[in-house]
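Subject: Structure handover

Hello,

Here is the structure for you to pick up. Please open it first, then read the notes below.

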Amino acid sequence: MLADKLPNGAGFVDWIARNWEDKLLFELLGKVEFCECDTACYNCLMSYQNRSLHALLDWRLGMQLLRVFKDGELKIDTLLTESETRAKKLLDELSGCFPEVNKVCDLDWPACFSDGGTLFLIVDPFVSPLLRTSNKLGKSASEWLQKDSSNDVRLMDTFNMSRRLAWCWSHRFEKMPIARLEDPATDPIPIAEPLKRLPSEEEWSKGIFELKKRPRGLPCSESRIFRKYQGEQITLRRAYLVRLADGEYVVGRISQFVDLEDNKTLQFAPLEYLDGLNYEQISEENIIAILCREEN
Ligand SMILES: [Zn+2]
């Protein structure tokens, strides 16, 4: 959520709302290189006013975050292509500072080093530690793990490396997350078929019903018990069963937006993104039920 700090607003949030799609999502993301610098400089994100945040600013992360807003996900292949050069450069810096760094050169991912049985893969911070063998990173991890059953793999992120290299090196075993390979038998969530029918209202006991099949957008671990929505105030803490325009029932959170003319819009966002659902504008009559979780 974005808001202006000043009582009458400086106009930035208003500008963002008006230019969100054209200028931010498309024009900005259409640029190959936002700036020539590695993280941030006075030509791009830095100003005297935000000097206390300089160490944290990073235009690449900003662009990646915008891409999540636009596409609902970050494609791992794009992410890896983008991070490869930077990761290699940081590995060289690390081995320049610490001669004991043992670079590993015979794997697909070009930025890795080992320490005993542990392989460290240098990657951008948004890369998930659950790796797939369909890309260079997962292939490298898989090859390393096959060499010896006691081997393991950790990720070292470029965000921390470009800001505190010595910290990364000295905390490599405590702070860098262990990565593992996705097990196709257990890890991918069972694919949910689009749910087009609900139990009829006669079958709802006191407005409560249970779904036999998992609707898209509902994580496997959640309950499938719902109670009828009766116009209660919509909150972000709850998850809702919603009917989309094509008749499919899906589960997610609902955010409310009010524009300058006081028009209210509702936006649906799935709880589980792996089902391929995206943000969608809905209206209140599409809200069918509220997910019953332990806390409500
Ligand atoms: Zn810059």
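Start with helix α1, residues 12–30. This is a predicted model, and in it α1 has 19 residues. Its end C-alpha atoms are only 22 Å apart. A straight helix would reach 27 Å at 1.5 Å a residue. Where does α1 bend? The place is Trp 20, and the angle there is about 85°.

Gly 72 follows α2 and has a positive phi, near 80°.

Now the overall picture. The protein chain has 296 residues, and 21% of them are buried. Its secondary structure comes to six helices and 13 strands. The C-alpha trace spans about 70 × 55 × 30 Å along its principal axes. Take the contacts between residues at least 6 apart in sequence: 56% of them join residues at least 24 apart.

The domain assignment gives domain 1 (21–71), domain 2 (76–181) and domain 3 (201–291). Between the C-alpha centres of domain 2 and domain 3 the distance is 39 Å.

The six-stranded sheet

This sheet is open, with strand order β1-β2-β3-β5-β6-β4 and mixed pairing. Its edges are β1 (102–103) and β4 (130–131). Each has a single partner strand, so one side of each is left without a neighbour in the sheet. β1 pairs with β2 (residues 112–115) in the antiparallel sense, over two bridges. Lys 103 has Phe 113 in β2 as its bridge partner.

Two helices pack on this sheet:

- Helix α3 (residues 76–97) touches β1, β2 and β3 (118–123), and its direction makes about 125° with that of β3.
- Helix α4 (residues 136–147) touches β2, β3, β4, β5 (152–157) and β6 (178–181), and its direction makes about 175° with that of β3.

Look next at β9 (residues 240–243) and β13 (residues 287–291). They pair in the antiparallel sense over three bridges. Leu 241 stands opposite Ala 289 in β13.

Val 251 sits in strand β10 (residues 249–258). Why does Val 251 count as buried? Because 28 C-beta neighbours lie inside 10 Å, and the cut-off for buried is 20 or more. Leaving aside neighbours within four places in sequence, Val 251 is in contact with Pro 215, Gly 217, Leu 218, Ala 239, Tyr 240, Leu 241, Leu 271 and Leu 291. Leu 66 is another matter. It lies 185 residues from Val 251 along the chain, and their C-alpha atoms are separated by 24 Å.

Best regards

Notes. Residues numbered from 1 in each chain as written. Predicted model: local features only at pLDDT ≥ 70, side-chain atom pairs only at ≥ 80, totals over all residues. Helix = DSSP H or I, 4+ residues; strand = E, 2+ residues; numbered from the N terminus. Expected span 1.5 Å × (residues − 1). Bend = angle between axes of the 7 residues up to and from the residue. Domains from an automatic or database assignment. Buried ≥ 20, exposed ≤ 12 C-beta atoms within 10 Å, placed from the backbone. Contact = placed C-beta atoms within 7 Å. Pairing = 2+ DSSP bridges. Axes fitted to C-alpha atoms, helices over the stretch in contact; angles between N-to-C directions.
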